[in-house]
Amino acid sequence: MLPAAAVFHFPWEINSGEVQEGLSVRVLGRLVCYQPEESRATLSAQHASKEHQVVVHTLFVEPFNPIIGAQYIVLGEIENAEGVGAMVRARVLNCIDGVNVALLQKAINEQRSFFREREHTPGDAEQPAHAT
């Protein structure tokens, strides 16, 4: 059986506790640190003039050639790690350097808006009866 489709989340959403443990997620951010001996990487993203970081467990995607300062997308599951808090256990780790991150964030927000509207639009609402 396939896991549920992963939804994009930003590092500040993962750190705030909005995302539950065990959920599949997609996260994007700039690689600021890689610790191969611990199979750990740190992605960073800026939001509301504050830098937010998320820790990524990289055991399942190693070996990889990290480019510090490059943009990455991670597909994985959220888990709580002692001393770290919420961490993403990476299943896929792709370098997306060169992508317009502001435009990608805008597209993610547009997609969320579309799905919210679709959830709130009653698909099988009763049609009013017409008088004959």
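Author: Strands here are DSSP runs of E with at least two residues, numbered from the N terminus, and two of them pair if DSSP finds at least two bridges between them. The model is predicted, so local features need pLDDT of at least 70 and side-chain atom pairs pLDDT 80 or more, while totals for chains, interfaces and linings use all residues. Residues are numbered from 1 along each chain as its sequence is written, and side-chain values use heavy atoms, without hydrogens or water.

Reader: Which residue in β2 is the bridge partner of Phe8?

Author: Within β2, the residue bridged to Phe8 is Arg26.

Reader: How many bridges pair β2 and β5?

Author: β5 spans residues 71-81 and runs antiparallel to β2. The bridges between β2 and β5 number 7.

Reader: Which residue in β3 stands opposite Arg30?

Author: β3, residues 40-47, is joined to β2 by 5 bridges in the antiparallel sense. In β3, the residue facing Arg30 is Ser44.

Reader: Which residue in the turn of the β2 and β3 hairpin has a positive phi?

Author: β2 and β3, an antiparallel pair, form a hairpin with 4 residues between them. A positive phi of about 50 degrees in that turn belongs to Ser39.
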